[in-house]
Structure formats: structure tokens, C-alpha cells
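Colleague: I am new to reading protein models, and I would like to learn how to describe what I see in one. Could you take me through a few features, giving the general idea before the case?

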Amino acid sequence: MSKKAASISKRDVYRNCLEYVRRYLVDLALVQEEVFANLKEEFKPEHVCEPTASPKYLTAITKFTSVHNRTKIYNSIKKCYHVWKDKLQPVIGDGGMKNSYAELPLRLAACFFLNGDYYKALLCLRHSIHLEPKSLYPRILALRWSVYLGEWEMAEMALAFEKAKPPQKNGVDDHLVEQLMFMTEMVRAYVDFNRDQRSRAVSAKTILTMTEKTNAEERPTFPIFETQAFANWVAAHLPKVAGFRVENLELFDTFNCLHRAVLKAESVMKNRIQGIQKEDVPLDLKKMASDPLDFLKACASFAESCEVRRDYAIELLSVGMIRDAAAVSQLGLWCAVKAGVLFRILQFVNINTLIRACVVQQEFKKDHRTCMDIMRTIYSSDTLSSKTSLGCTKKKPPEMLEFVDNIDLPIPCTSTPIRSKSPGRVSHKSVALSLAESFEELRLESAKTPPRCKSPGRITSKFIDSFHELTLSETICSLHEISEDCECNTCDLCSSNYNAAFEYWMSSFLYESMSNEAIECLEKQFQILRARVAVEQRAVLGKRVKPRPPSIMCETFAMCAVRWLRSLEDGGWDPDNSAVKALREQIIASTLKICGYSSVRTIYYRLAVSQLERIRKVLRPSPHDWMTDPSLTNRVMSTVAQYLFSPICRTTSTSDNEDSAEQKKIEEAAIAEATGEYASYSNLLCRDWRYPMCTFLGEHSKCPWEAAMMWSESTLLTTRQHSRLLLGKMSGFTFSHSTLFKKMVEKLPTDFTIVQLAMSHDGSLHLIKMHKDREPIVMPLAPKTKVESVKSMMDKIIEDNTRTSSLGKVTKDAKAFWAARRSVDGDLKNLIPRVQDILLGAAAPLVLPSLCLNKKGLMMAKCLVSASQSPDGSTLSLSYAKELVSLATKLERAEWARVVERICDFIGLSSRKEAVQELYSKIRVAVANGGLTTDSGPCYTFMIICPDLTTFPWEVIPVFRNSPYVARIPAVHTLFQTLRMKKKVPVAVNASNAFYILDPDNNLGDTQRRITDYVSKFGWNGVVGKVPDPDVVKEALRVRDVFFYMGHGSGSRYFSRRVISENVINAVSVLMGCGSVKLTPYGWGMDGKSAVYDYTVAQCPSVVGCLWTVTDGEIDRYFMALVDLCFSSDGNRTLTGTDGGDSRLRVLVEAMHRARARCKLPYLTGASVVSYGIPVIALE
């Protein structure tokens, strides 16, 4: 072999390396070809992004695994890379012919970008730039990807190169020169923003100005779109810095920027990889790879689109925009499958699975099981051990090579770092001999063209960094084990690709249902992979430094850790379990440390973990008996008894007082820390932090205004972020200080009262009542167990309603049908007062509207304050006293006395409740002698109801029997927004300026006949029996005063969410369909799914609809009664007549209240119809 080695040239090795790249592309093209045939057969355009299309993806990925097995697809690239990096590149030198070697590193970089092996890609780019510095695109990529990866040292190294060799315009590639110069300035600004806090404002201003400038550019060119994608991705991260502001400039919304980045990156990818997102167009890899620079551009654009899309899906998930996140991720999975790239498939399967694991809704739960099936298909040991999938076989022991040392070539000076010695390398062997051996192996394998159905022989392991740390003899993963002794493509990829390896471990974590063992294993593998990838990072830097872990790995681990911690909290883990407690502390410490490596990218997770710790520090049982959790009673009583009666005659000791004082200090410090943290990050709407943070401060803030603000800020995170995304600005959607919040409440009309029923992070229910005349009332109502029992009872009613409403399809016995329906109606009627008693109890009257007091009323309130004074000087606040006086004008003595008792017990004045109760007679006398309030017209209660309890008909609870002016609002923010838009309240509508859509499915014949005859007298424009044009719907919502929809659901299947949410709606919208305003909960801290949110985003003044399934005849009856009572002139009445008892009502919610009585089922039908929005009146 030594004689043959002497005749081997660098050029021969180089050409054979290129041949191996070609082999990889041939194998990849085969995979793409066969997968495409399956995709074309399985998918229609509407399936690609549909979140519930996972079964189709399962079929496609099953096909992929079968085809992917037929060759050892990654071997070719791994061989080339190691020969290039270790043998060939070090001996090329700086001669005049060096640029003739530039093609190989370009092609290798392209392949590594495709497969997500980014540090190898960057190293190859660095080699390419060294060989051909005049080629500008690799320089652009080196800058851009250093930032994407959060590698500031690499970015600084690239910036130094650009400073030393700035590009010059030559009239040929000036567009690239401009792009490189823009990229250089943007990267410099972003590196300074992250590295130098003192110049952060200047850097941010540069970034915002440049982003705004490039966004204004309308020329559709590759450099412009790439620049826009990158600039928006950078700008998206600025709002994540604590308390950061730029003078005279508003930060761009993170989601709006990422949305732009995704669109621009996707446009570049689609044009560089023709057919990537089309279900009927195959990919032409041969054409794409014909030019090395074009191939690099295509693969880098694919990688950028995938990573930006992944970032966007994670951001959407963080605020609970579940369907959007699922659609974004699903399109990424489509591109990955069509491209035939295993790493990309793993990447998006993991995100898809994570999204579904966070959602409690049944549709997504079912889809989650399919995602698990996909993981089994990719990783299953049974599948991988067979030849029908990824072909798991055992490796042969590495051959022993004959080393000779009779040839030597000088190694020129180069900046490439010298690899450290390892047991597999011999320090005295010459570079020439190594080249010769490499060439001989490449030549011999090239001469053998193996059949496609068999794997090619494996290169000797001396050119491949073995992944000893990934030997998993003790792992808990039930998926296929990653092992260095396995030759399957999964193991082959993970053995050299750190990104793929960590995606595998994320899959393991998700597949193992986020178990304790799985998170422990994930943490261990993070440290192992960090050590492995550091070698590649140092090679790029050319320095012996200890780099930070890859930012994507940091983000992935932190994301999984937060999900595990949340699963612990949801499962009610036992703090007395020392093993779980120790593991929890270990994971929290690791997560906070890992988040510190990539602070901006992982900020959501660091905040979430910190808040979980605060909650633990302040965790204590409620002292109020109505908040007792029956499931915890025995344990709590046992603990209390042990504390109080051990020993039997225990007395309070000094140490006990010291412990209590110390605990109080800890709690005060935790609350102060949380308050400061909220002030710094109040613009962030990520649910894992904001929801527990705001409910925590809502419970513990001593200032009523701050507490009320915090409870308000815990709600509607998803919808507020959706609005912010559409507008592209940050301001106007959150409150950072209670001063402004107080001013906004004090600007409300005097007849408006806001009552929020909010659920805390621990599942307990709280009441927050706000009125302009007094401080908010904030009070706990019920523990989690009571809330869960009510949900269960209401779910049973909904189930029975759905079942009986379908009886008409299976029986013609009208008596049996109505008997079944009336039985469920009676069950709901009986449940309503029971729910009031369980959840509201004595505090039920507090949901009634507050009244403004006159001078006499204010004096009476002060009398209540005086009467409540305890020996230590404590009293009722004036706000509580005003509320009690207001309630005394409406309630009987016994009911009022119960409210007094509840309030006194809550604020610690139980001993003074009798003294306060004795003043009831005096208040009633004052009411009879001229009154105590200034209100004369209707007073409105606007209810903000937590998603889990929205299905319950709160409008008809007994306490509202004499108060029909009840409506819902999604949040205080939407009320403030609507009031800003509408100059006059109530909103007056002209009923003659109406538009209607009737039965667009054309399958409700009886409804068509009834409603067509009924509405004909009004002269309204409408669409009957056919699907309306979306533009017609959009225009009607924008210019009409009233919009009526009578059909199935909310109509969203006929006019999409975008038609609604991306519009500005003027029309009061009445949606008479089953569940048209139903809210489907998605899970902890999320808004859920409801058409109401789309109308809210579009600033609709009022939406009326149904909470559950209704029968067509009944809802038609209700609709006609409602129109008669509110919108019809007396001459057009059909049902109610014109007698004094049914004289025409002009207030919409009052008409709704009266219309319930016109139904045969006043609860199942009448109580299902609710209103979201501000008061509406019909013009005469």
C-alpha cells in the first residue's frame, strides 16, 4: 500500500469526495421520489396544514421509513466530511489554486444545513470563505447563522473578517454586496445589543430602523426577502429583554415579526426548491444540486425556513394559539417529509406532539395518540430491527489499518485548529499516508455499486468521531435505543449530529409521557451532547475555549423541563416524597443554569420556573372555611393536629414565633420579587409565566387596584396576542401599573359593573368586582374540587342535551321526544341554583350591579364603617361599606346578612358582623325616605368568566331574577377597547340596515320556510340556502348595523376565521346556531377556542349566540321572539302582540331575557343564548 500511496494526489481524493456527495444526493432523490408518490395519493391541499391530518402523515412517514432504509444514506456525507476536515483541507494551503477546491465545502455545508448539523455547516462555510473569499453568499450565511445559533463569538469573528475585507461593488453582484453590507450592520447591532447593555438602546434603535426600512422595500428579490426574514427574526427578540424601551420608537410585536420572517423565508425556500409545498409537483433534486452555490442557497433557505417556522410554532404555543401553532408546525412537517430529511421530520414530529400534549380538548387528545404512533414508526425497536424500516444491524468491528510512514508532505500554515489526539489516532502518521488510505477506501467503495435494496459497506471508524457517550445501556426509553453498535440510519445520524441526537431525546421524553425518569435522562443527555458539540464549536472558532451550549438545545431542554414541572403540579405531586422533591430541585437548578446560557431565547422558561418556585414559598392553606378542599381535609387536619398537639400541652414558643416571622419575610420577599419581575416583563403574554404570575399577585397583593389588575392580566392571553399580531404593535394590550388601570375603570359609565369569575393557577375560583365609584372587591369563592364538581355536573347536562336533541332523527314519537327534552330542561333548571350555592354561596349577591350612592348613601356607608370597628382599630373599608349599602337596597334581610357575614369573615372582622347587620333596618328606612342611590335607569353587569365555566348559564342564576341586564365580555381589555371605538353607549343600531345568512348548508328545510316568511316583511338583504361569498360577508359585517346568521354552528365553516378576525366589524352579530358562542377549553392558562374571540379581535360591539346544541324549531322560535321584542316595529309583530306586557323593548339583553319565556324549553333553549359585548339598543 505504501507504493500506491505515493502516487495518490489531493485532486484524486477531492474528486472522489465529490462523488460521495453525489451518491448522497442520488440516494436522497430516490427517497423523495417514492415519498412524493405516497403524498400525492394521500393528501389534498386542505390536508397539508390541517392539525387533525396526523393519520395521513402517519401513512406518509411509514412509507418514508421503509424507503429510507434501503441505503446507508448518511455514510457518504460523514466519510466526505471527515476526509475533508481531517486530511484534505489541512494540506490545501494558500496557493493560487486553492479556490479550485471550494466546491466541496460548499456542497458539504449545503448537506449539513439540510440535516440541521449547523456547526459542521459553519466550519465548511469558513473553509469555503478561506478558499474563495470573493464569493459573497457564504459570507452572508456565516453572519446570519452565527446569529441564528446565538454564537456571538462566531458572529464577532465573521464581523472582523468583513471589516478586514469589506466587499466592493463591481457592477455584477452589487445586490449581494448590498445584502452583505446590510447583514453586517444588522449583525453588529444585534451582537452589541446582546453583549453590551450600556449601548443597548442605540443598538435597538439601529435594528428597529433597519427592519422598518427593509420591510418597506417592495422589490421581490431573493436578497431582499432574505434580509427581511432575518431582520424581522432579530427584531422579534427585542421585546424579551427586561423593562427595555427605546425612546421615540415602539418595539415591534414579537409574533408579527416572526410571522413576517416565516412568510419571507418560506417564499425564498419555495422559489429555490420548486414544488416543496405543492402536493402534486415532485422535487427536482438533480436540477437543484447542479450548481454548488445554488445548492447551498436552496439547502440554507430550507434550513432557515424550518428553524424560523419552528420558532414561530413554539411562540404560538407559548400563548395558547394552539390551532395556529399546529398549522404552522404541520406545514413544516409536510416540507420535511417531502424533502425526505429524517432530522427535519424528527424536529416537527416533536413539536407537533408537544403541542398536542399541552391541550385537553378531545380532538387534540386523539391526534396526540396518532403522534405517538408516528414516533413508534420512526423509532420502534421492532421496526428498526427489520428490513422493512430503518434497517438496524450490528456493526462489524473496525478493521485494523496498516500504518506506514515512508511518505511525508509538508503541512502549510493554516488557521484550521489541529485536532487533539485520541486513542484512535497515531501521532506519527503522515498526512500524505492518511490521504492515501482515505482515497483507497473511497476508491474501493466507489468501484462497488451496491444494489439499492442493501446498505453499502461502512467506512472504517477512524475517520468518524465515535459517540461513546450515546451508548445507552441504562436508558429508560422504550423507543429504539441509540447505540454506537447499531447501523440503522437513526443511530447513524444521531452518532454524529448533535441536533438530531437531542431531538431523539426530546422524542423519548414525550413518548415516555414526560416521566420523572425521562426528564432525568434528558438532563443527562444534554450534558453529554454539550461536551460533544463543543469540539465542533471550537473547530469553527479556531480556539480552545469552552463554548456555551447550543441555544436551540438550551431552548429545547428548558421547554421540556417546564412541561415536566407543570405536569408535576397538575398531578398534585407530594412534597413529602423526598425522591421527587430532590429531582424537582435538581431540574429547576439545571434549567435556570441552562437558561442563563441563552437568556433571550429561553426567557419564557426561566420566568416560568422562577414563578413556580415563588408559589412554593408562599403556599399555605386558605383560612376560610368555604375554601376548604374536601380531598385535602384529612391530610391538613392531620398536619395541623401534629403541629398543635405534639406535645399535648404545647405552648407557643419563641422559636415558633421566629419561624413565623421568618416565613413572613420569605413570603414578602417573594411577592416583592414577583411584583418587580412583572413590571419588567409586563409585555410578555406567555402563559406558563404570566398566568401563574398574575393570579399569584392577584391573590397576594394588598392593594385592591393592583390585585384587580393582576387578575385581569391573567385572562385572554391568546386573544390579546392575536390582536397584537394583526396590528403589529406592542402597546395598548397590557397594563404594567395599577395607576392606569384604575383610571380606565374610573372612566367607565356609572351604570357599568364588571364581575370577573377568575380561576387561579391552582384551580380555585375567585371573584373580582369593579365599579368606578369604589375600590375593587377581590375575594376567593371556591376551591378546585368544587369547581371540578360543577364542571362535571354541567358536562352531564350537555351530554344529555346532545343525546336527546338527536332523538328526532331516530323516532317519530313526538311525546317521547318532548318528554326526554323536558326532563333535561328540568335537570338544568334544578342545577342552576345548586351551582350558585356551591360556587358563590353567601357571596352570590356580589355579582349584582353596584349602585352609585348619594350623600345620604355615603353617610350610611360611613355608619357601617364605624359599626365594624374592632378593638384593634380594624374596620370595613369604605368600598365594602358602599357595596353593602348598595346591596341593602335590593336584598331581603336574611340574604343581606349572609353577605355581611361573608365579607366580615373574609377581612377578619367576624366579631363585628352582628353590629353591622343591625344597621339593615336603618338602611331600608332611608331607602323608603327618598333613596340612597343616584342611579335611575338600567344597570349592567358585565361578566368575565374563566374558560372552564363559560358553558354554565350564569345569566339565569337566581340572584339575577330581577336584574336582566347581564352580558358577558371576554376581558376588561376588550371592554375598554370597544368603548374607545364607540363614542356613545349603549350602541344604537338601525334594524332596517341588516343582513342575514340563512341555512347555507341548505339542509334545514323547515327553518328556511319559517324564517324566510318571517324576515320577508323587513326588506333585509340576505343569502338563503347557499354558501355566501366571503367578500359579501366581510362587507356586511363592516357596513351593516345588524348581522343575522341562522344555520349550523357559528358559520365558521362557510366564512373563515380570517374573514372575521382580520376585519373591522360594525354590525351587532346574532348567531343562531348550535354552540355558536361555545367556548372549548384547551387547558391551563389558555383562552380555548370560540368564535367569540374572532369577533372580539375584529372589535365587534356585541355578539349573541348559543352555548350548546339547540333544536331548529326551538331556536327559530327564540329568534323570532327576539327580533319582535327588540328590532321589529309594532306593525310587524308576529308572536308577541302589542299588549302592555310585551310592549316593544329596545335594549337587546332585556329582549333576550323576555324571549326565553317564548321557548318550550326556557332553560335548554332560552338560557343557551347569551350576549358578549356592550349594551345595544334598537332605534325607533
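Modeller: What follows goes from the whole chain to helices, a strand and some loops.

Modeller: Please keep in mind throughout that this is a predicted model.

Colleague: How many helices and strands are there in the protein chain, and what share of its residues count as buried?

Modeller: The protein chain has 45 helices and 13 strands, and 59% of its 1180 residues count as buried. Among the contacts with a separation of 6 or more, 77% are between residues 24 or more positions apart.

Colleague: How should I describe two helices that pack together, and what is the angle between H16 and H17?

Modeller: The general idea is that two packed helices are described by the angle between their axes and by the distance between those axes. Here helix H16, residues 342–357, packs with helix H17, residues 362–379, at an angle of about 150 degrees, and their axes are 9 Å apart. Angles over 145 degrees count as roughly antiparallel, and H16 and H17 are therefore roughly antiparallel to each other. Their crossing is left-handed.

Colleague: Which residues of H16 and H17 meet?

Modeller: On the H16 side they include Leu-342, Ile-345, Leu-346 and Val-349, and on the H17 side they include Phe-364, Cys-371, Met-372 and Ile-378. Counted by kind, the residues of this contact of H16 with H17 divide into 12 nonpolar, 4 polar and 2 charged.

Colleague: Are H6 and H22 roughly parallel or antiparallel to each other?

Modeller: The axes of H6 and H22 cross at roughly 20 degrees and come within 9 Å, and these two helices are therefore roughly parallel to each other. The crossing of H6 and H22 is left-handed. The contact is made by Tyr-119, Lys-120, Leu-122, Leu-123 and Arg-126 of H6, together with Val-533, Glu-536, Gln-537, Ala-539, Val-540 and Leu-541 of H22. The residues of that contact of H6 with H22 divide into 7 nonpolar, 1 polar and 3 charged.

Colleague: What should I look for in a strand, and which way do the residues of E7 point?

Modeller: In general, the side chains of a regular strand alternate between the two faces of the sheet. In E7, Ala-994, Tyr-996 and Leu-998 point one way, while Phe-995 and Ile-997 point the other way, and all of them are buried. With 5 of its 5 residues buried, E7 is largely enclosed by the rest of the structure, so both groups of side chains belong to an enclosed strand.

Colleague: Which strands pair with E7?

Modeller: E7 pairs in the parallel sense with strand E9, residues 1042–1046, over 5 bridges, and Ala-994 stands opposite Val-1042 in E9. E7 also pairs in the parallel sense with strand E8, residues 1021–1024, over 4 bridges, where Val-1023 is the bridge partner of Ile-997.

Colleague: Turning to the loops, where is Asn-115, and is it buried or exposed?

Modeller: Asn-115 lies in the loop between helices H5 and H6, and it is buried, with a relative accessible area of 6%. Although Asn-115 and Phe-343 are 228 residues apart in sequence, their C-alpha atoms are 5.7 Å apart in space. Beyond its neighbours within four places in sequence, Asn-115 is in contact with Tyr-24, Tyr-74, Val-341, Phe-343 and Asn-497.

Colleague: What is the phi of Ser-513, and where is Ser-513 found?

Modeller: Ser-513 has a positive phi of about 55 degrees although it is not a glycine, and it is found in the loop between helices H21 and H22. At 59% relative accessibility, Ser-513 counts as exposed. Asn-1002, which is also not a glycine, has a positive phi near 55 degrees and is placed in the loop between E7 and helix H40. At 48% relative accessibility, Asn-1002 counts as partly exposed.

Colleague: Which residues does the cis peptide bond join?

Modeller: The cis peptide bond joins Val-985 and Pro-986, with omega about 0 degrees, and Pro-986 is in the loop between helix H39 and strand E6.

Definitions and conventions. Residues numbered from 1 in each chain as written. Predicted model: local features only at pLDDT ≥ 70, side-chain atom pairs only at ≥ 80, totals over all residues. Heavy atoms only, no water. Axes fitted to C-alpha atoms, helices over the stretch in contact; angles between N-to-C directions. Parallel < 35°, antiparallel > 145°, perpendicular 65-115°, else oblique. Left-handed = near helix turned anticlockwise from the far one by under 90°. Contact = heavy atoms within 4.5 Å. Nonpolar A, V, L, I, M, F, W, Y, C, P; charged D, E, K, R; others polar. Buried < 20%, exposed > 50% of the residue type's maximum accessible area, 1.4 Å probe, protein only. Pairing = 2+ DSSP bridges.
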